[in-house]
Amino acid sequence: MSVILAVVIGALTTCSVFLLLQRSIIEILMGLSLLSHTANLVIFTSAGLVLKQPPIIAAGETLPVTPHADPLPQALILTAIVISFGVTAFTLAVAWRANFMTGSINVDETDEDAS
């Protein structure tokens, strides 16, 4: 299973780098979003893909039942999702403003008189 995930992560990274090297702001945004999803998948697979108990402490106990799932990667992924949403919103705002100012979403086809 981890070999399949490694291949998927490699393919997603390749596609995201390809999109980041394009000239359209929308394609750059899609590459950035795909790269953030790839990072989430890397964090998810680094935690291990073993079925375990949830890290819930039962009534009257002081520790969770072992073996239990590590909640740290889950918290990191939730944080990464929120950060990628903020970066995507900011990049969309920059793309909209660039289109408004230059008349194009292509990095090379900007109006020379726009300032």
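**View 1. Pro67 sits in the loop that joins α2 to α3.** Helices here are DSSP runs of H or I with at least four residues, strands are runs of E with at least two, and both are numbered from the N terminus. This is a predicted model, so local features need pLDDT of at least 70 and side-chain atom pairs count only at pLDDT 80 or more, while totals for chains, interfaces and linings use all residues. Residues are numbered from 1 along each chain as its sequence is written, and side-chain values use heavy atoms, with hydrogens and water left out. With 55% relative accessibility, Pro67 counts as exposed (exposed is over 50% relative accessible area, buried is under 20%, and partly exposed is in between, using a 1.4 Å probe and protein chains only). Look for Pro54 too: 13 residues separate Pro67 and Pro54 in sequence, and their C-alpha atoms are 8.9 Å apart in space.

**View 2. Gln53 and Thr66 are both found in the loop between α2 and α3.** Gln53 has 44% relative accessibility and so counts as partly exposed, whereas Thr66, at 64%, counts as exposed. The two are 13 residues apart in sequence and 7.4 Å apart in space, C-alpha to C-alpha. Setting aside neighbours within four places in sequence, Gln53 is in contact with Val65, Pro67, His68 and Ala69 (contact is heavy atoms within 4.5 Å). Ser24 is another matter: 29 residues along the chain from Gln53, with 46 Å between the C-alpha atoms.

**View 3. Ser24 is in the loop between α1 and α2.** Its relative accessibility is 17%, so Ser24 counts as buried. Which residues does Ser24 contact, leaving aside its neighbours within four places in sequence? They are Ile105 and Asn106.

**View 4. Helix α2 covers residues 25-46.** This helix has 22 residues and reaches 32 Å from its first C-alpha to its last, close to the 32 Å expected at 1.5 Å a residue (the expected span is 1.5 Å times one less than the number of residues). Its buried residues are Ile25, Leu29, Gly31, Ser36, Thr38, Asn40 and Leu41, and they pack against α1 and α3. After α2 comes Gly48, with a positive phi near 95°.

**View 5. Helix α3 has 32 residues.** From first C-alpha to last, α3 reaches 46 Å, close to the 46 Å expected at 1.5 Å a residue. The residues buried in α3 are Pro73, Ile77, Ser84, Thr91 and Ala95. What do they pack against? The buried residues of α3 pack against α2. Phe85 also lies in α3, but Phe85 is exposed, with a relative accessible area of 63%. Phe85 and Asn40 are 45 residues apart in sequence and 13 Å apart in space, C-alpha to C-alpha. Gly103 follows α3, and its phi is positive, near 85°.

**View 6. One aromatic pair turns up in a search of the whole structure.** Trp96 and Phe100 make a stacked pair, with 5.9 Å centre to centre and 10° between the planes. A pair of aromatic rings is described by the distance of the centres and the angle of the planes. Rings of Phe, Tyr and Trp (its six-membered ring) pair if their centres lie within 6.5 Å; planes under 30 degrees apart count as stacked, over 60 as edge-to-face and the rest as tilted. Why are Trp96 and Phe100 separated by about one helical turn? Because they are four residues apart in helix α3 (residues 71-102). Trp96 and Phe100 are both exposed.

**View 7. Met1, Ile4 and Val8 form a nonpolar patch on the surface.** Together the three have about 320 Å² of accessible area, from the Shrake-Rupley method with a 1.4 Å probe and, for residues, only the protein chains shown as cover. Patches are made of residues with over 30% relative accessible area and no salt bridge; like charges are joined within 9 Å, and nonpolar side chains (Val, Leu, Ile, Met, Phe, Trp, Tyr) within 5 Å. A salt bridge is a side-chain nitrogen of Lys or Arg within 4 Å of a carboxyl oxygen of Asp or Glu. Ile4 lies in helix α1 (residues 2-20), and its relative accessibility is 54%, so Ile4 counts as exposed.
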